[in-house]
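Let's take a walk through this protein together. Have a look at the model first, and then we'll go from the whole to the parts.

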Amino acid sequence: MGPTWNTYPGLFAALATGNPVLLKPHGQVILPAAITVRVIREVLAEHGFDPNLVSLCVPADREAARALFIHPEVRSIDYTGGNTFGHWLIEHCRQAQVYAELAGVNTIVIESTDAYRAMLRNLAFTLSLYSGQMCTTSQAIVVPAGGIDTDEGHRTFEQVGEDLAAAIDAFLSKPEVAHAVLGAIQSDDTLARIEQASAGAMGRVVLASRPLDNPDHPKARVRTPVLVACDAEDAAHYSQEQFGPISFMVRAKDADAAIALAEDIVRRHGALTAAIYSTREDIIEAMTQASWRAQVALSINLTGGVFVNQSAAFSDFHGTGGNPAANASYADSAFVANRFRVVQRRRHA
């Protein structure tokens, strides 16, 4: 389970259905989970409940953890993380209902816009937030090869990439904004991916990542986003999750091909979010139909203070359970009610 908000939906769904909870955090994020458990146990005790309804579990090693997961008294598991271990849980923990949010490739299609600068500012925030280290961050930005029509005139594919890069730079130009939005790079693997992308290993570099020094946290590894351009045919990199602040400008043949590519990405690799920018209702309708077929949440023409990657439990339906990125939707009625079981009893009257 995630250390903060990813923990809460499953935790409260379990408590609401009368089930005790063991929080087993990743070894690198024990502290946030421990703080959560401590507060919940205090609240439970204050209201006369057994505080052991919620406990923290830190197994001694991987084998001890796996023994816990397959224990017959563990009847539901909520997991957020990588595909490999998520699929292991689904395959091996047959005694439990596994609610798994896995990796995916979130897509945006840009066909046209009547608010070009506002769109760019919105995307700049989206690609920068938490340094792209969110399961909802957009990765593949698909644009027709012929460019897009905007309220500032026609923009070629290359110009859209350059303008988006400039918008990201402008957004992060103030250190107080950059440090408040970006955060730090958590993993060595993520840092290595950023360096590879910035070096051109994943396509033509439109915007290279750069390090920032945070005076309040001098040891923090802060990196700005990297933006790479490629053709739709060059799917090796953009069609798999590149966790971190790495995004791709993907050149599609035309608008129809862009929508078809977005749908194919979601169907094959999963996604928690998708978005469309268009001034044409027929294009919006086509993307809507694609999102229904691929079963992914769709955001349309976001240009203000709402962002595609802010798709959170308790305010949005986070995930659908209908594509490979997740097998459940956080906080819908099925996510909670499915933790109940009905046991029948009959006798002669």
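Predicted model: local features only at pLDDT ≥ 70, side-chain atom pairs only at ≥ 80, totals over all residues.

Residues are numbered from 1 along each chain as its sequence is written, and side-chain values use heavy atoms, with hydrogens and water left out.

Start with the whole thing. The protein has 12 helices and 15 strands; helices (H or I, at least four residues) and strands (E, at least two) are DSSP runs, numbered from the N terminus. Along the principal axes, the C-alpha atoms fill a box of roughly 75 × 55 × 35 Å. Of the 349 residues, 48% are buried, where buried means under 20% relative accessible area, exposed over 50%, and partly exposed in between (1.4 Å probe, protein chains only). Count the contacts (heavy atoms within 4.5 Å) with a separation of 6 or more, and 66% of them join residues 24 or more positions apart.

Now for the sheet. Seven strands form an open sheet in the order β9-β12-β13-β6-β5-β14-β15, with mixed pairing; two strands pair if DSSP finds at least two bridges between them. At the edges sit β9 (204-207) and β15 (298-300), each pairing on one side only. Neighbouring strands are turned by 25° against each other on average, direction ignored.

Which strand is largely enclosed by the rest of the structure? That is β13 (residues 246-252), because six of its seven residues are buried. On one pairing, β6 (residues 138-144) runs parallel to β13 over five bridges, with proline 144 opposite alanine 252. On another, β12 (residues 226-231) runs parallel to β13 over six bridges, and leucine 227 has serine 247 as its bridge partner. Further along the sheet, β5 (residues 106-110) and β14 (residues 274-277) pair in the parallel sense over four bridges, and isoleucine 108 faces alanine 275 in β14. Helix α11 (residues 281-294) lies across β5, β14 and β15, at about 165° to β15.

Next, a pair of helices. α5 (residues 116-128) and α6 (residues 157-171) pack at an angle of about 65°, their axes 9 Å apart; axes are lines fitted to C-alpha atoms, for helices over the stretch in contact, and angles run from 0 to 180 degrees between N-to-C directions. Among the residues that meet are Leu120, Leu123 and Phe125 in α5, and Val160, Leu164 and Ile168 in α6.

Finally, two loop residues. Tyrosine 130, in the loop between α5 and β6, has a positive phi of about 55° although it is not a glycine. Its relative accessibility is 47%, so tyrosine 130 counts as partly exposed. Asparagine 301, in the loop between β15 and α12 (333-337), also isn't a glycine, yet has a positive phi of about 50°. With a relative accessible area of 29%, asparagine 301 is partly exposed.
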